[in-house]
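The structure is shown first.

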Amino acid sequence: MKLWGGRFTKPTNQLVDEYAASIRYDQKLAKYDIQGSMAHVAMLAETGILSEDDAAAITEGLHTVSEQIKNGEAELSEENEDIHMNVEKLLIEAVGPVGGKLHTGRSRNDQVALDMRLYLRETLVEISQLLLGVQQSLFQQAENNMETILPGYTHLQRAQPVLFAHHMMAYVFMFQRDIERLSDSWKRVNQSPLGAGALAGTTFPIDRELTADKLHFDGICENSLDAVSDRDFVVEFLSNASLIGAHLSRLCEELVQWSSAEFNFVELDDAFCTGSSMMPQKKNPDVAELVRGKTGRVYGNLIGMLTTLKGLPLAYNKDMQEDKEGMFDSAETLKGALALFAPMIETMHVKKESMYSSVRNDFSNATDLADYLVNKGMPFRESHAVVGNIVLHCINSGTYLLDLSLEELQSFSDLITEDIFEKLAPETVVNARDVAGGTAKNRVKEQLEKASELFDKTGAWIQAHEQKITLNN
């Protein structure tokens, strides 16, 4: 007989048990389910709903169940459907009928919403910590490459030279936004739904604020219908996870390109590459490619969750059982990728000479020649045309701007003088972008200083919120 089977006259079809059971994946919530149950039973005792003796017996039994699950001694069955019913069944086996009093004043509807919030808030901190590690590896590469110049691109065409440090810092700030989105979502995740019951609350004189306080929530979900049916916090996490995946994938694409013979800008450490079963010369950037590929499954989890929710009436519906696998998968996918990413970036060899050679043999300094003529009094649109003609001449003759003699340059405009060669040098071109956020060396130093401050704030946020989680554990 199932724990809810009092009004049923026949057992559930075995195929239904197999199809509807969620214990295969929601056993990940065991720790959080027991945390919530501990707080719930303590509240029941403090409000006089349960006797102290009953509460003590249940609490001791929950500790026993927790150890059984941790040690792999507990038998979790599909017949008991989910982690909540499995824990309760194990509890009753451990302490007898008194274990059945644990569920007083709550439903699996508010219970599962609670467990997911406890899981997610821990996940937010873990992923933030991993993102900080990736940021710090990028920061280290930036510090080590303050003199390294590479071509900057738009449309994957050479555009203007930039410091490699500047390029790395772009991703530092990209991932900073990801951390800020995760930290901001904490306040929406960290609200307790426990006490909402199945949908309408409970007739028992429970104290929802007390339970929330014991679990170190910031407050309670204010409406019982919303408390059990809300999965906005899951969608928000999956959305944030998708953006993190997008940012990782963009960097992966650059690493794949840069490590090719055509670019030859970086070499990834052997520990993060694989070979070919047929071609002995191959060194493939498989980690970067796999992270790029796994981004698609993170996107898929977001779309799946949104699709599940789009037609659901209030309050809880069985469809919402589909809320967990995608959440778990995205969290584990991201954590795996981020754990690999930091050491992969940290050990990456930057081919400075190859980057600089590319900058010397392109037209990425053409804009500076146009600006030079503007500073000499020529209207920009006219200077744009003049430089376009010079570039065309170079293309036809197989040369670049710095290969031309002063006489050749002056044949296009007599405003050009000897100082043009210094103006078009890659170092000058880079440092000429001396505006806030620009690629000039002193501006990149400012970005490094700003990032250091942000790292300190992120570290403090992680530490403070880890303490809340540790108190529950």
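The sections below take salt bridges, then aromatic pairs, then charges placed over rings.

## Basis

The structure is a predicted model. Side-chain atom pairs count only at pLDDT 80 or more.

The structure contains 26 salt bridges. One of them joins Glu147 to Lys441, with the closest N and O atoms 2.2 Å apart. This pair links distant parts of the chain, 294 residues apart. Glu147 belongs to the loop between α6 (108–144) and β1 (149–154), whereas Lys441 is part of helix α19 (residues 441–472). Glu147 has a relative accessibility of 58% and therefore counts as exposed, the cut-off being over 50%. Lys441 is partly exposed, at 25%.

A further salt bridge is formed by Arg297 and Asp329, whose closest N and O atoms are 2.7 Å apart. Here two helices are linked: Arg297 lies in α11 (residues 286–309) and Asp329 in α12 (residues 324–346). The two residues are 32 residues apart, and the pair again links distant parts of the chain. Arg297 is partly exposed, with a relative accessible area of 38%.

Glu332 is partly exposed, at 37% relative accessible area. Lys335 has a relative accessibility of 16% and so counts as buried, since the cut-off is under 20%.

Elsewhere, salt bridges with shared partners join four residues into one network. Its members are Asp184, Lys187, Arg188 and Glu236.

## Aromatic pairs

Nine aromatic pairs are found in a search of the whole structure. Among them is the pair of Tyr119 and Phe328, with ring centres 5.0 Å apart. The planes of Tyr119 and Phe328 stand at 80° to each other, and the pair is edge-to-face. Tyr119 lies in helix α6 and Phe328 in helix α12, so that distant parts of the chain, 209 residues apart, are linked. Both residues are buried: Tyr119 has a relative accessible area of 5%, and Phe328 has one of 3%.

Tyr153 and Phe263 form a tilted pair, because their planes meet at 50°; their ring centres are 6.0 Å apart. Tyr153 is in strand β1, while Phe263 is in the loop between α10 (232–258) and β5 (266–267). The pair therefore ties together parts that are 110 residues apart in sequence. Tyr153 counts as partly exposed, at 28% relative accessibility, and Phe263 counts as buried, at 19%.

Ring pairs also build a cluster, which consists of Tyr32, Tyr119 and Phe328.

## Charges over rings

Two arginines are placed over phenylalanine rings. Arg117 lies over the face of Phe233, at 4.2 Å from the ring centre. Arg121 lies over the face of Phe217, and in this case the distance to the ring centre is 4.8 Å.

Definitions and conventions. Residues numbered from 1 in each chain as written. Predicted model: local features only at pLDDT ≥ 70, side-chain atom pairs only at ≥ 80, totals over all residues. Heavy atoms only, no water. Salt bridge = Lys/Arg side-chain N within 4 Å of Asp/Glu carboxyl O. Helix = DSSP H or I, 4+ residues; strand = E, 2+ residues; numbered from the N terminus. Buried < 20%, exposed > 50% of the residue type's maximum accessible area, 1.4 Å probe, protein only. Phe/Tyr/Trp six-rings, centres within 6.5 Å; stacked < 30°, edge-to-face > 60°. Lys NZ or Arg CZ within 6 Å of the ring centre and 35° of its normal.
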